[in-house]
Amino acid sequence: MFKPPLKDKTYFFGGCNGCVECCKYPFIPLVLDDFKFVHEYFPIVFAYINKELRVLILLSDGEKCRYLKDGICSIYENRPPSCKMYPISPFFGSLLLDYSCPCVGDMGAFLIRNGEVGESNYHERVDDFEEKLAATSEFLVHAEPNLKNIGSFKDIQLFVLGGDLDEYAEFVDMHRRSLSFLGF
Ligand code: SF4
Ligand code: SF4
């Protein structure tokens, strides 16, 4: 469960030690700025999660992340920003910590203290996150009337962009190229 880290407490990252729990999530939510890091590795799709339109990567091959091979991430150096930061996740202007992650504790590499993130989990995704979130919301407003249903995955209806959005051409292009993973 994601909650804010305690003030003045230092958290450490003890290593995954064979745990692959967070590689079993079917989707990872994106901000627009993430597209450049993920579009060559995962399909970028749209879906309504809790009735809110989100843009996501479809991580799963049905059971687990398509890049989890023999318990190891086969694209480690190019893993998505959210994977690099896990178990930390930016949330508007603050950072949350997944307390259910078994690697969080008092030993290992420095993870987080009072908003400062350790080198092993830091990604530029966290910088100006509120602005990135606002830009993504604006993009979704423009995208929503142009969505085309492509079926469902694990009972969640998936959508792709049907029309063009001139002001977002760079992102639409990355979205379209990412769909080659789905055979488009
Ligand atoms: S980051 Fe945490 S939850 Fe994810 S695989 Fe490592 S130990 Fe497991
Ligand atoms: S990209 Fe790597 S770290 Fe991220 S979910 Fe897939 S296997 Fe796990």
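**Close-up views of a predicted model**

The structure holds 12 aromatic pairs, a pair being two rings of Phe, Tyr or Trp (its six-membered ring) whose centres lie within 6.5 Å, with planes under 30 degrees apart counted as stacked, over 60 as edge-to-face and the rest as tilted. This is a predicted model, in which local features need pLDDT of at least 70 and side-chain atom pairs count only at pLDDT 80 or more, whereas totals for chains, interfaces and linings use all residues. Residues are numbered from 1 along each chain as its sequence is written, chains are lettered from A and ligands numbered from 1 in the order in which they are written, and side-chain values use heavy atoms, with hydrogens and water left out.

**View 1. The ring pair of F35 and F139.** The ring centres of F35 and F139 are 6.0 Å apart and the planes stand at 90°, so this pair is classed as edge-to-face. It links distant parts of the chain, since F35 belongs to helix α1 (residues 35–38) and F139 to helix α3 (residues 129–143), 104 residues apart; helices (H or I, at least four residues) and strands (E, at least two) are DSSP runs, numbered from the N terminus. F35 and F139 are both buried, where buried means under 20% relative accessible area, exposed over 50% and partly exposed in between (1.4 Å probe, protein chains only). Ring pairs join F35, F46, F139, Y168 and F171 into a cluster.

**View 2. The surroundings of ligand 1.** Ligand 1 is surrounded by C16, C19, V20, E21, C22, Y86, C101, P102 and C103, a residue being counted if one of its heavy atoms lies within 4 Å of the molecule. This shell has eight nonpolar, no polar and one charged residues, with Ala, Val, Leu, Ile, Met, Phe, Trp, Tyr, Cys and Pro taken as nonpolar, Asp, Glu, Lys and Arg as charged, and the others, Gly among them, as polar.

View 3. Around ligand 2 are C23, F42, L59, C65, Y67, L68, C73, I75, P80 and C83. By class, the shell around ligand 2 comprises 10 nonpolar, no polar and no charged residues.

**View 4. Charges over rings.** R79 lies over the face of Y76, at 3.8 Å from the ring centre, and K9 lies over the face of Y11, at 5.1 Å from the ring centre. A charge is taken to sit over a ring if NZ of Lys or CZ of Arg is within 6 Å of the ring centre and within 35 degrees of the ring normal.

**View 5. Backbone features in three loops.** The peptide bond from Y86 to P87 is cis, with omega near 10°, and P87 lies in the loop between α2 (81–85) and β8 (88–91). N114, although not a glycine, has a positive phi of about 45°; this residue is found in the loop between β11 (109–113) and β12 (116–117), and N114 counts as partly exposed because its relative accessibility is 46%. D155, likewise a residue other than glycine, has a positive phi near 70° and is placed in the loop between β13 (147–153) and β14 (156–161). With a relative accessible area of 77%, D155 is exposed.

**View 6. M85 in helix α2.** M85 is found in helix α2 and is buried, with a relative accessible area of 0%. The C-alpha atoms of M85 and F153, which are 68 residues apart along the chain, are separated by 26 Å.
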